[in-house]
Amino acid sequence: MGGCTSKDTTSNDDKKNSNMVDQAVLDKLEAGFSKVAGSDSKSLLKKYLSKEVFDQLKTKKTSFGSTLLDVIQSGVENLDSGVGIYAPDADSYTVFADLFDPIIEDYHGGFKKTDKHPPKDFGDVDSLGNLDPAGEFIVSTRVRCGRSLEGYPFNPCLTEAQYKEMEEKVSSTLSGLEGELKGTFYPLTGMSKEVQQKLIDDHFLFKEGDRFLQAANACRFWPTGRGIYHNDAKTFLVWCNEEDHLRIISMQMGGDLGQVYRRLVSAVNEIEKRLPFSHHDRLGFLTFCPTNLGTTVRASVHIKLPKLAANREKLEEIAGKFNLQVRGTRGEHTEAEGGIYDISNKRRLGLTEYQAVKEMHDGIAELIKLEKEL
């Protein structure tokens, strides 16, 4: 593997000093490029990795020693990827900008390389209320965001020692939370079968990464450094070192988006006082996957809309008008179980946190109104 993912014993400092991309990596890159170029892949990687861009980037390295191979290897191995690239570290967004920028623009609906993500703004948290006070349509509501710790690369470049160090920092930070955020951190390493089963039953436990993450080398030293935190009421969760350093999640049954959002905001603010996050002047908060930049906020509901959903294509079309994304009950590429859909905001970049959640709020309110009219 390239750069930081190579299994050699060279220390990181030696790697940083050698700015040359070694021949074995270049050979793999050339083979990977030919494979993608010759395929009928629909990925954004294939769409934007021209020969010209490839030749410009193939000899570049980040300060963490990552190469273009680290960026594209998941898309090379999985030709059915939608996107096909990951950022092995925060620097990659700058060093490999000629590939990241057009993909980001395409995915995030025209966020151009001259555009700038606005500063963090959670807005007036009291202005959002309950979308479904009578409890007719919305089963549950969830708002989450991703964060990366400053000074650490992303999954593929982390050493085993760094995983442990980060878990230690995160668990000690979370143990300082008070009030409704107060809870327990469960490390995946050495987890008892009972605790594991309990977390699976609550749909809290994440599994080792899928083939896309595996191919991006995001699952090394599993389960070292991974863990789950939740508060006593099970309405606030933090995942440590799953796909991102931190996934901060607020959720509860019913449609009270205001309550869910306020809890998330207070949690993020508390954690940020103690841990500095990776942030980019133009792209906002940085994470491993370029689909999840800017606010990194995904606000979603599990919702029953039997009349609208009688025609899934129609439902997706209407949702699209409000910048909403429709998924099956268990996430991407799944069916709606019992007619329950997962509907969320699609845009995360180029708008504020408040605007992202408000888009979901207004869109869901409209869908409920249309459902009632049918």
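Select Ala216, which lies in the loop between helix 10 (211-215) and strand 3 (227-231). Helices (H or I, at least four residues) and strands (E, at least two) are DSSP runs, numbered from the N terminus. The model is predicted: local features need pLDDT of at least 70, side-chain atom pairs count only at pLDDT 80 or more, and totals for chains, interfaces and linings use all residues. Residues are numbered from 1 along each chain as its sequence is written, and side-chain values use heavy atoms, with hydrogens and water left out.

Is Ala216 buried or exposed? Ala216 counts as buried because its relative accessibility is 1%. Buried means under 20% relative accessible area, exposed over 50%, and partly exposed in between (1.4 Å probe, protein chains only). Now show what Ala216 touches: Gln73, Ser74, Tyr86, Pro156 and Phe288, leaving out residues up to four places away in sequence. Contact means heavy atoms within 4.5 Å. Then pick Ser250, 34 residues from Ala216 along the chain; the two C-alpha atoms are separated by 28 Å.

Next, select helix 7 (residues 97-107). Its buried residues are Ala97, Leu99, Phe100, Asp101, Ile103 and Ile104. They pack against helix 3 (44-48), helix 4 (51-57), helix 5 (68-77) and helix 6 (92-95). An α-helix has 3.6 residues a turn, so residues three or four places apart point the same way. After helix 7 comes Gly109, with a positive phi near 60°.

Finally, select the cysteines. How many disulfides does a search of the whole structure find? It finds zero, a disulfide being a pair of cysteine sulfur atoms within 2.5 Å. For Cys240, the closest cysteine sulfur is in Cys145, 14 Å away and too far for a bond. Cys240 counts as buried, at 1% relative accessibility. For Cys289, the closest cysteine sulfur is in Cys219, 14 Å away and too far for a bond. Cys289 also counts as buried, at 11% relative accessibility.
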